[in-house]
Amino acid sequence: MPRALSDALLAAALTAVLLTPIFGLHIRVDGVNVSLNRTPMPVIVAVVIVFLLRLFQQPLQRLWAKLRAPASWRENALTAALGQTVQQPRYRLALWLLLLAAAMIWPFTASRGAVDVMTLALIYVMLGLGLNIVVGFAGLLVLGYAAFYAVGAYTYAYLAQQYGLSFWWGLPLAGGLAALTGFLLGLPVLRLRGDYLAIVTLGFGEITRLLLNNLNSLTGGPDGIGNIPRPTLFGLEFNRVASEDGTAFHEFFGLDYSGNHGVIFMYLLGLALVLATLFVINRLLRMPLGRAWEALREDETACRSLGLNPTVIKLSALTLSAAFAGFAGAFFAARQGYINPESFTFIESAMVLAIVVLGGMGSQLGVMLAAVAITVLPELAREFNEYRMLAFGLVMVLMMMWRPQGLIPASRPPQKLPEHAEATQ
């Protein structure tokens with residue numbers, strides 16, 4: 001008991017020190033007058049909660065163990081049958097088709113704001129799936145992923161502004177230039193390992209941001225690039241008034257103009273890009289290249305002993321990952337209509353990496369769920385927006401403590417030997 005009391009007092013003191021500057025003090029500006037207001041009640045409540053939880057940690061753990069359902073309840077005939085059903089390819093395909101149908105029907109029933117938020121979530125899904133290649137499958141830590149995201153966005157914005165290139169031509173060019181950037185970056189740095197590789201990629205991300213701020217003739221400097229054209233549907237524009245040589249979507253179909261048409265189209269386009277990303281990644285994982293990524297992640301020395309070149313495998317992972325970031329960047333620029341360097345800071349790289357870690361490294365479904373959660377949940381609690389990063393950091397700490405494998409850990413399908421092979425053994 002004395003040990004538990006001392007630990008509880010220490011935890012309470014640390015809580016008070018950490019939370020007092022955040023919740024206990026507020027700076028109020030009234031014209032030229034600046035005052036410091038004290039609000040101690042939130043800090044006191046948090047300190048009491050932490051003190052009691054730490055003091056009664058062991059009794060609470062025993063109570064939680066009693067309240068949990070017994071293993072016989074969790075692993076009965078019904079749950080086993082459901083697990084086997086989900087593992088069967090035809091039922092799994094039916095489940096994915098049902099989810100796809102729901103995702104396509106949903107924007108026609110939801111509000112415009114909700115559809116727009118989900119479109120942003122789809123961008124982070126693409127970024128998470130792309131980074132999952134290099135972090136989850138190849139086992140490389142990259143901290144400057146926003147640089148490839150920025151290359152894709154600025155490529156499409158510049159080509160559209162200077163040469164009038166449409167989104168459908170700019171999208172592959174943005175992905176290709178981002179892939180080329182990843183390839184050129186990987187050539188000198190992918191011989192590094194672990195923390196050294198992470199630091200180099202972090203530096204590359206910061207260098208890219210500084211270049212975007214200073215290359216005024218190409219990027220517009222801190223002002224960015226505006227009036228970026230949105231994608232069209234077979235030449236049909238979603239504006240109220242079409243351009244000189246274009247045709248408006250609502251005029252072509254004889255409909256009344258509605259801003260929802262363009263928002264729904266952007267959502268469906270983002271959904272199509274996510275599906276294309278999933279298709280390409282899953283095909284690659286079934287190829288020898290995907291197996292080489294996993295071999296590199298598990299043991300680089302064993303990978304080299306099998307005759308595989310680790311540098312080439314790393315280079316392929318980084319190049320493909322950068323390509324998907326470029327696609328996401330082009331789509332982001334088309335959705336926003338305006339970009340500037342502040343959209344591609346280190347926070348973006350950290351956010352995408354957190355999506356991969358929270359969802360489960362190597363788990364595509366987990367990455368998608370984490371991307372949607374991180375994007376949508378702050379919109380549901382706008383009154384706590386100033387504490388968003390604090391809550392985000394707390395969730396990361398709790399996840400690392402109690403579920404380090406992520407929301408949905410990556411799992412590989414079991415491989416069984418043929419019956420004749422088992423008989424010979």
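This is a predicted model: local features need pLDDT of at least 70, side-chain atom pairs count only at pLDDT 80 or more; totals for chains, interfaces and linings use all residues.
Residues are numbered from 1 along each chain as its sequence is written, and side-chain values use heavy atoms, with hydrogens and water left out.

**The chain as a whole**

- The chain has 20 helices and four strands; helices (H or I, at least four residues) and strands (E, at least two) are DSSP runs, numbered from the N terminus.
- Of its 425 residues, 39% count as buried, where buried means under 20% relative accessible area, exposed over 50% and partly exposed in between (1.4 Å probe, protein chains only).
- Among contacts (heavy atoms within 4.5 Å) between residues at least 6 apart in sequence, 73% join residues at least 24 apart.

**Helix α1**

- Helix α1 covers residues 2-24 and bends by about 35° at Leu 18, with Pro 21 following within four residues; the bend is the angle between axes fitted to the seven residues ending at a residue and the seven starting there.
- Buried residues in α1 are Ala 8, Ala 11, Ala 12, Thr 15, Leu 19, Phe 23 and Gly 24.
- These buried residues pack against β1, β2, α2 (40-55) and α19 (388-402).

**Strands β1 and β2**

- Strand β1 (residues 25-30) has six residues, and the count of buried ones among them is zero.
- Strand β2 (residues 33-38) pairs with β1 in the antiparallel sense over six bridges; two strands pair if DSSP finds at least two bridges between them.
- Asp 30 stands opposite Asn 33 in β2.

**Gln 364**

- Gln 364 lies in helix α18, which covers residues 364-380.
- Why does Gln 364 count as buried? Gln 364 counts as buried because its relative accessibility is 15%.
- Leaving aside neighbours within four places in sequence, Gln 364 is in contact with residues including Leu 129, Phe 137, Leu 278 and Asn 282.
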